[in-house]
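The points are grouped by topic.

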Amino acid sequence: MGKKLAKKLGDNYKYYYGAYYTKYNGYDIIIKYDYTSLLYNLTLNVKGNENIDKLNKMLSKKDEFMVAKYKNNLLTITEACDHSRDIPKLINNLLDDLTKYLKDNNYKNICKLCEKEEKTTLVSIDDNINYVCDKCVKNIEKKYAKELEDRRKIKENIPLGIIGSIIGCIPGLIMWFLLSYLMINPSVIALIIMFGSAYFYRYMAKSMKLPGLIISILIGFIFVLFANELTNAYSLYNEYINQYNINILDTYKAIPYYLQTNDIFRHTYNQNLLLSIMFFIFGSFTNIGIFRSYIATNKVKNLEVK
Amino acid sequence: MKKLNKTILLLSTLVLLSGCALPFQSKNYPAWTTKGILESYTLSDGTSIDGWMGVNVGDKVSTKWYDFTANTIEEVDSYQEYKASDNKKLIHVSITITNTLEKDVRIDDEDFALVWDLDKEDRSYVYPVKDKTPKETSIKAKETKTIDLIFELDKNAKKPMAVYYYEQYEDGQKGNKYYIYYK
């Protein structure tokens, strides 16, 4: 689709996370296709007359299913489009007339944040991409720098963080055991364990730097392993309680023996362990996310700088 | 930097501890005690055969002819001046037997054995030391007697072990097996 769009736009467009960003005839334009509703949305940050009946009339001449909405300085044009490959054709047919209309009717291109008529740049702020003026970018960068500096100054209380991380894992452990009891594969709870480990570490330690990241991930990992052991111990317990005088601790200690001697048990154990580790890896992104919030310096990215 | 070193030390300790506890706690045979005789079946004459039962020291075992309880199972340096030979060790077992029949019963010195490598198909075993165990012990009807058994076995043999008794009927038919675990 990009190549076809380029016929109209030249090389003057960017593609990020499923959306096209371009400046055309002095207007910032974002085009996104929605695969669920089979529509594309074309949005512009413009300030002007709130009545857009004339624009809608013009659009309906092109396509009776094309609609424009204007609210809070955001002009959105929506058109049905069965396949994303059809977008270039529809867009190329629209861009000139649309921008001419906006110009003729004195709609001003504005910054997404301050809503002032300023020169804009395409930037990513906390992974939200939009056209923002330089002044706003500088303000945000300043704000983030101060925030980071403040966070850097917070002393990380590692012992309390460890306690917090352990406490944070316990609800997940209980949920894990409950799901096992209900005979539902509980591996997905690894996400909750990691979440608890990360958030409670930060809550108790008041910060999360590199040691905090490693500790919280390690504690979460131990809990995920332990929870997995517990599930397997419980399944052994259920299987043998009618024949032997045993408790969960007995079956927990017997896991290595059954791993060596029972193929079905070994297979189930490995499968559960693999799933748990997979969800542990996904879950550890929470820890990394929190860690990044304390060290990240690239929250604002200028996407027009090559 | 010192802080980082401390953290690394702390983490290493955590990793080591976790390695000890999870998930490879022990490779020993679990030696769980059973709720009665397992895997047995009953013949038309009511005889239960081919089953097995695991109990702990101090638990009473009821067999076809008598009840018995292992009072103690312990490793000893010597027994009645008898010492283990090189690369061997001695295990002393005290068993109290009650004859539950209306007639006398005989206990042979090879009625009980000590087995180990319980998790293997071919388990290792020894019978009691000949000179230190009576060849035959007679127990009168309803009488209770305590006998001592001394086993000499490889020094490297590891727990869990079990004192083993296998019912054998006069017609050669084998009954159930009984294990008294030494953990």
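Chain B holds 1 helix and 15 strands. The model is predicted, and chain B has an average pLDDT of 84.

**Chain B overall**
- Chain B has 183 residues, and 43% of them count as buried.
- Its accessible surface is about 10,600 Å², with 48% belonging to carbon and sulfur atoms.
- When contacts in chain B between residues at least 6 apart in sequence are taken, 63% of them join residues at least 24 apart.
- A pLDDT of at least 70 is reached by 85% of the residues of chain B.
- Residues 14-24 of chain B stay under 50 in pLDDT, and the model gives this stretch 14 contacts beyond four places in sequence.
- Where pLDDT is low, predicted coordinates should not be read in detail.

**Nonpolar cores**
- The largest nonpolar core is made of 33 residues.
- B:F68, B:I95, B:I97, B:F112 and B:L153 are the residues with the most contacts inside this core.
- At least two residues of this core come from each of these strands of chain B: β3 (52-56), β5 (66-76), β8 (88-99), β9 (105-108), β10 (112-116), β13 (144-154), β14 (161-168) and β15 (174-182).
- Another core, of 28 residues, lies apart from the largest one; among its residues are A:Y269, A:L273, B:W32 and B:A162.
- Beyond four places in sequence, B:F112 touches B:F68, B:I95, B:I97, B:I107, B:Y127, B:P128, B:I147, B:L149, B:F151, B:V163, B:Y164 and B:Y165.

**A buried loop residue in chain B**
- B:T133 sits in the loop between β11 (124-126) and β12 (136-139) of chain B.
- B:T133 counts as buried because its relative accessibility is 6%, under the 20% limit.
- Not counting residues up to four places away in sequence, B:T133 touches B:D109, B:P128, B:D148, B:L149 and B:I150.

**Cysteines**
- The count of disulfides over all chains is 0.
- A:C136 is in no disulfide, and the nearest cysteine sulfur, that of A:C133, is 3.6 Å away; a disulfide would need the two sulfur atoms within 2.5 Å.
- A:C136 is buried, at a relative accessible area of 11%.
- A:C81 is also counted as buried, with 2% relative accessibility.

- A:N45 belongs to strand β4 (residues 39-47) of chain A and counts as buried, at 5% relative accessibility.
- Leaving aside neighbours within four places in sequence, A:N45 is in contact with A:D28, A:N73, A:L74, A:K108, A:N109, A:I110, A:K112, A:N130 and A:Y131.
- A:D250 belongs to helix α8 (residues 248-253) of chain A and is partly exposed, with a relative accessible area of 25%.
- With neighbours within four places in sequence left aside, the contacts of A:D250 are A:N245 and B:W32.
- B:W32 is also among the residues of the 28-residue core.
- A:D250 and A:K301 are 51 residues apart along the chain, and their C-alpha atoms are separated by 56 Å.

Note on methods:
Residues numbered from 1 in each chain as written. Chains lettered and ligands numbered in written order. Predicted model: local features only at pLDDT ≥ 70, side-chain atom pairs only at ≥ 80, totals over all residues. Heavy atoms only, no water. Core = buried A, V, L, I, M, F, W, Y, C linked by side-chain atoms within 4.5 Å. Buried < 20%, exposed > 50% of the residue type's maximum accessible area, 1.4 Å probe, protein only. Helix = DSSP H or I, 4+ residues; strand = E, 2+ residues; numbered from the N terminus. Contact = heavy atoms within 4.5 Å. pLDDT = per-residue confidence, 0-100. Areas by Shrake-Rupley, 256 points an atom, 1.4 Å probe, with all protein chains shown as cover.
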